[in-house]
Amino acid sequence: MDEIGQLALDAVVSGGASYADARVGEQRHRSLITKNGKLGHAADSEAQAIGVRVLLHGAWGFAASDDCSREAVIATAERALAIARASARVKQAEVRLAPEPAHQATWIAPCRRDPFAVSVDENLALLLAIDKELRAVKGVTLAEAQMNFIRQKQLFLSSEGSRIEQTRVLSGAGYTALAFAEGEIQKRSYPNSFGGQYQLKGYELIQELKLLENAQRVGEEAVALHKAKQCPQAVGTLILDSSQLGLQVHESIGHPIELDRVLGTEANFAGMSFLTLDQLGKLRYGSPVVNVVADARLEHGPGLGTFAFDDEGVAAQRTNIITAGEFTGYITSRETAAQIGQPRSNGCMRAEAVNRLPLIRMTNISIEPGPRPLSPEELIADTDSGFYMETNRSWSIDDKRYNFQFGTEIGWEIKHGKKVRMLKNPSYSGITTEFWNSMDAICSREHWTLWGTPNCGKGQPQQTMGTGHGAAPARFRNIKIGTAYQK
């Protein structure tokens, strides 16, 4: 990998690049899905590629190839230079980079059990056992379970003298039970919807999730939803479980703080942002109990946004995004940090693979737990009247990330500090800053989970990225409930 990367770097520097970096990567991916007692999908692939990024005459050029022969690497370097020359002819301003020290490092993420050392037969045996348990519940009409494992090894070399080698192993699993009856579909997922739970761990994550142990309950809840009352329309108190709160953070905090959206150079998929530069340090984003950080360090946890260096060779950092309710930070690249006068990037440039151009992406964007011991049961007991909602089912948010509506798989009505009845088709809506300013309580650290979102889309061509979101159950006041099914 060193020889390939250095060959590309030498070629672009001798071609006149004022800055260049080369990323050489190897990736293995295993994906398994079962559906109603049968294998639905199985794939096991390996790939190698190189990506070369250059600054020439103040403009970017990027090229990549999955052919790592000497001839192909030199051709890729020349193509990156040619693209930079063309970009320079239409540039609006010179690209400047915030400084970053040259790093020499080798980092391997903790992984107690290599998932690729576990046989496919063992993987399938667990998935089919879950499937059987789900379909043993009368009324479950479709059971789907899945596992995914990725090992990424990447070498980063820069013309500034950095040499960084990183290896990350990502694991994930989850399942869904669907019940169809009288023209209506209800579903329950575990441990989270849209694929389950994902973290920067080995096969030990699969064992920690207690997948089989929860299958019967999940199947029974999917069927029970058909007999539940429709979530009413109301304005009231709302408690969200940690997985739904994690997605709320992703959509209404994580995307708006991406500085490329704020500066108008990115608008695909998630639109731009209401967080204009004049609001930094002034906007009351949330109530005093709202504290949000962007933290890519391993100390924060084994999230999908955990690493030692980003894809610009910037060291992982912790940035305060919302501090006691005040908006205090964006997530940046070296280029955008220089644009707004920050002395250093906070290390959020990431690419789906080495053959993709790095973009500003969420790392682990997490809401901090409360400082005092508080369990979900105690939070519900402290709520005289309200609604509890769990596990995302749908979401909608405008292009500025300001007006939103979310639906969850299941809900309960709370009366006098107790969950009194199950509700189907629960939903809520609001305005981002009003919503976060209405939060008055969040559970403590032992009830905080670092959730993995493996499928965040951005860019054109689209790139899929894994992000992390730590959250604990939290309570909000005066929220519009039941808006998705308003008549």
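The structure is a predicted model, in which local features need pLDDT of at least 70 and side-chain atom pairs count only at pLDDT 80 or more, whereas totals for chains, interfaces and linings use all residues. Residues are numbered from 1 along each chain as its sequence is written, and side-chain values use heavy atoms, with hydrogens and water left out.

The protein chain contains 10 helices and 24 strands, where helices (H or I, at least four residues) and strands (E, at least two) are DSSP runs numbered from the N terminus. The C-alpha trace spans about 70 × 55 × 40 Å along its principal axes. Of the 487 residues, 58% count as buried, a class defined by a relative accessible area under 20%, with exposed meaning over 50% and partly exposed in between (1.4 Å probe, protein chains only). The protein chain exposes about 20,000 Å², of which carbon and sulfur atoms supply 50%; accessible areas come from the Shrake-Rupley method with a 1.4 Å probe, and for residues only the protein chains shown count as cover. Among contacts (heavy atoms within 4.5 Å) between residues at least 6 apart in sequence, 75% join residues at least 24 apart.

Rolling a probe the size of a water molecule over the atoms shows where empty space is left. The structure holds two cavities of 30 Å³ or more, a cavity being a set of points, on a 1 Å grid over the protein atoms alone, where a 1.4 Å probe fits but cannot get out, and lining residues being those with an atom within 4 Å of a point. Grid points are joined across faces, edges and corners, and a volume is the space filled by probe spheres set on the points. The largest cavity has a volume of about 40 Å³ and is lined by Tyr19, Glu100, Pro101, Phe156, Ser158, Glu160, Ser162, Glu312, Gly313 and Arg334. This lining comprises three nonpolar, three polar and four charged residues, where Ala, Val, Leu, Ile, Met, Phe, Trp, Tyr, Cys and Pro count as nonpolar, Asp, Glu, Lys and Arg as charged, and the others, Gly among them, as polar. The second largest cavity holds about 40 Å³ of space, and its lining consists of Gln154, Phe156, Ile164, Gln166, Phe309 and Asp310. Strand 5 (142-158) and strand 6 (163-181) are the elements that give two or more residues to this lining, which has three nonpolar, two polar and one charged residues.

Gly313, which is one of the residues lining the largest cavity, is found in the loop between strand 11 (292-295) and strand 12 (318-323). Gly313 counts as buried because its relative accessibility is 2%, and, residues up to four places away in sequence not being counted, Gly313 touches Glu100, His103, Phe156 and Ile164.

Two further loop residues are likewise assigned to the buried class. Leu225 lies in the loop between helix 5 (215-224) and strand 9 (229-230) and is buried, with a relative accessible area of 0%. Leaving aside neighbours within four places in sequence, Leu225 is in contact with Gln186, Lys187, Arg188, Glu409, Ile410, Met422, Leu423 and Lys424; the C-alpha atoms of Leu225 and Gln186, which are 39 residues apart along the chain, are separated by 6.5 Å. Ser438, in the loop between helix 10 (432-437) and strand 21 (439-442), counts as buried at 15% relative accessibility and touches Arg475, Phe476, Arg477 and Ile479, not counting residues up to four places away in sequence.

Most residues other than glycine have a negative phi, and most peptide bonds are trans. Glu182, in the loop between strand 6 and strand 7, has a positive phi of about 50° although it is not a glycine, and is exposed, with a relative accessible area of 85%. Asn425, in the loop between strand 19 (418-424) and strand 20 (427-431), has a positive phi near 55° but is buried, with a relative accessible area of 6%. A cis peptide bond joins Tyr190 and Pro191, with omega about -10°, and Pro191 lies in the loop between strand 7 (184-190) and strand 8 (197-199). The peptide bond from Gln460 to Pro461 is also cis, with omega near 5°, and Pro461 is found in the loop between strand 22 (449-458) and strand 23 (463-471).

Methods: On a 1 Å grid over the protein atoms alone, a cavity is a set of points where a 1.4 Å probe fits but cannot get out, and a pocket is an open set with protein on both sides within 12 Å along at least five of seven lines; lining residues have an atom within 4 Å of a point.
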